[in-house]
Amino acid sequence: MFDTWLKNYNKFSNEIMYLYVMKIPAVHQVYSGGRMVTYEHLREVVFGKSEDEHYPLWKSVIGGMMAGVIGQFLANPTDLVKVQMQMEGKRKLEGKPLRFRGVHHAFAKILAEGGIRGLWAGWVPNIQRAALVNMGDLTTYDTVKHYLVLNTPLEDNIMTHGLSSLCSGLVASILGTPADVIKSRIMNQPRDKQGRGLLYKSSTDCLIQAVQGEGFMSLYKGFLPSWLRMVKLGLLPLFFFSFFVLKLLLIYKHFPFSLLV
C-alpha cells in the first residue's frame with residue numbers, strides 16, 4: 001500500500017498536493033458542516049436527551065443516519081469531482097488521456113455533459129454510505145464518550161475524545177467501506193448522454209457484480225487507509241465542535257443572553 005502511495009506521489013506530487021489542499025477540504029467543509037449541524041440540532045432540539053443527560057442509543061442511530069444523509073446530499077457535487085479527479089492518477093499510470101485539467105474544468109465538463117442532474121450522479125449510493133458511516137461514527141463516538149466519562153477515571157478531555165474517535169472510526173469503516181467501494185465504482189463508470197451508467201444499473205447491481213466477480217473481500221479494499229482517514233477527519237471536527245458547544249454553554253450559563261434583550 002505504501003509503495004503504491006510513494007510511487008504515485010513521486011509521479012503526481014503537484015496533482016496530489018492540489019487535491020489535498022484545494023479539493024478535499026472543500027468536500028469536508030460542506031459534508032462535515034452539514035452533518036454536524038444537523039446531528040446537533042436533532043440531538044438537542046428534535047429528539048432531546050433523557051433526564052440524566054444521556055442520549056439514548058436508538059436516537060443516536062436515527063440522528064446519525066439522518067445527519068449523514070443530509071450532509072452527503074449537500075456535498076455530492078464536490079464529492080463527485082473529488083472521486084473522479086482521484087482516478088486521474090490511475091488513468092495517467094495506465095497511459096490513458098486525462099479527462100480534466102483541474103477542479104473548475106471538472107465541474108464545467110460534468111455540467112456540460114449531464115447538466116445539474118449530472119452533479120448528483122451516484123447520490124443514492126453516496127447517501128447510503130453516509131448513513132452507514134455516520135450511524136457508526138456519530139453513534140459510537142457519543143456512546144463511547146458517555147461510557148468513558150461515567151465509568152472510567154477519564155474526564156471530558158482530549159484523551160476521551162481521542163479514544164472515542166478511534167472506536168467510532170473503526171465501526172464507521174466496517175459499516176461504510178463496502179458502500180464506499182460501490183459508490184466510487186458507480187461515480188467513475190462511463191455514462192451515456194442521458195447520464196445513465198453503462199456498467200451498473202444500480203448500487204445493488206454493482207454490489208452483486210463485485211461479489212460475484214471478485215469475492216466478498218473486494219468490498220473491503222482500502223479498509224485500513226479508510227479507518228485511518230476517518231480517525232483523523234473524525235477527531236478534529238468532533239473535538240473542536242464538542243468544545244465549541246461546551247464553551248457556548250458555559251458563556252450562556254454565566255452571561256444569559258436574555259439579559260441583553
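1. Along the sequence, the protein reads α-α-α-α-α-α-α-α-α. The count is 9 helices and 0 strands. This is a predicted model, and the points that follow should be read with that in mind.

2. Start with burial across the chain. The protein has 261 residues, and 39% of them are buried. The accessible surface comes to about 15300 Å². Carbon and sulfur atoms account for 68% of that surface.

3. Next, contact range. Take the contacts between residues at least 6 apart in sequence. Of these, 70% join residues at least 24 apart.

4. The largest nonpolar core has 11 residues. Its members are L80, V81, V83, M85, F100, V103, A106, I110, L119, A121 and M187. Two elements give two or more residues to this core: α3, spanning 57-86, and α5, spanning 103-118. The top contributor is α3, with 4 residues. As a general remark, nonpolar side chains tend to be buried together in soluble globular proteins.

5. M187 deserves a look of its own. It is a member of the largest nonpolar core. Setting aside neighbours within four places in sequence, M187 is in contact with N76, D79, L80, V83, Q84, A121, G122 and N126. Among these partners, L80, V83 and A121 also belong to that core.

6. Y31 lies in helix α2, residues 13-47. Its relative accessibility is 8%, so Y31 counts as buried, the cut-off being under 20%. Which residues does Y31 touch, leaving aside neighbours within four places in sequence? The contacts are G68, G71, Q72, A75, A130, V133 and N134.

7. A distance to go with that: Y31 and I70 are 39 residues apart in sequence. In space, their C-alpha atoms are 8.5 Å apart.

8. On cysteines, the structure holds 0 disulfides. Is C206 buried or exposed? C206 is buried, because its relative accessible area is 0%. C167 is partly exposed, because its relative accessibility of 33% falls between the 20% and 50% cut-offs.

9. Look at the core around α3, which gives 4 residues to it. Look at M187 with its contacts, including N76 and N126. Then look at Y31 in α2, with contacts that include G68 and V133.

Terms used:
Residues numbered from 1 in each chain as written. Predicted model: local features only at pLDDT ≥ 70, side-chain atom pairs only at ≥ 80, totals over all residues. Heavy atoms only, no water. Core = buried A, V, L, I, M, F, W, Y, C linked by side-chain atoms within 4.5 Å. Buried < 20%, exposed > 50% of the residue type's maximum accessible area, 1.4 Å probe, protein only. Contact = heavy atoms within 4.5 Å. Disulfide = S-S within 2.5 Å. Areas by Shrake-Rupley, 256 points an atom, 1.4 Å probe, with all protein chains shown as cover.
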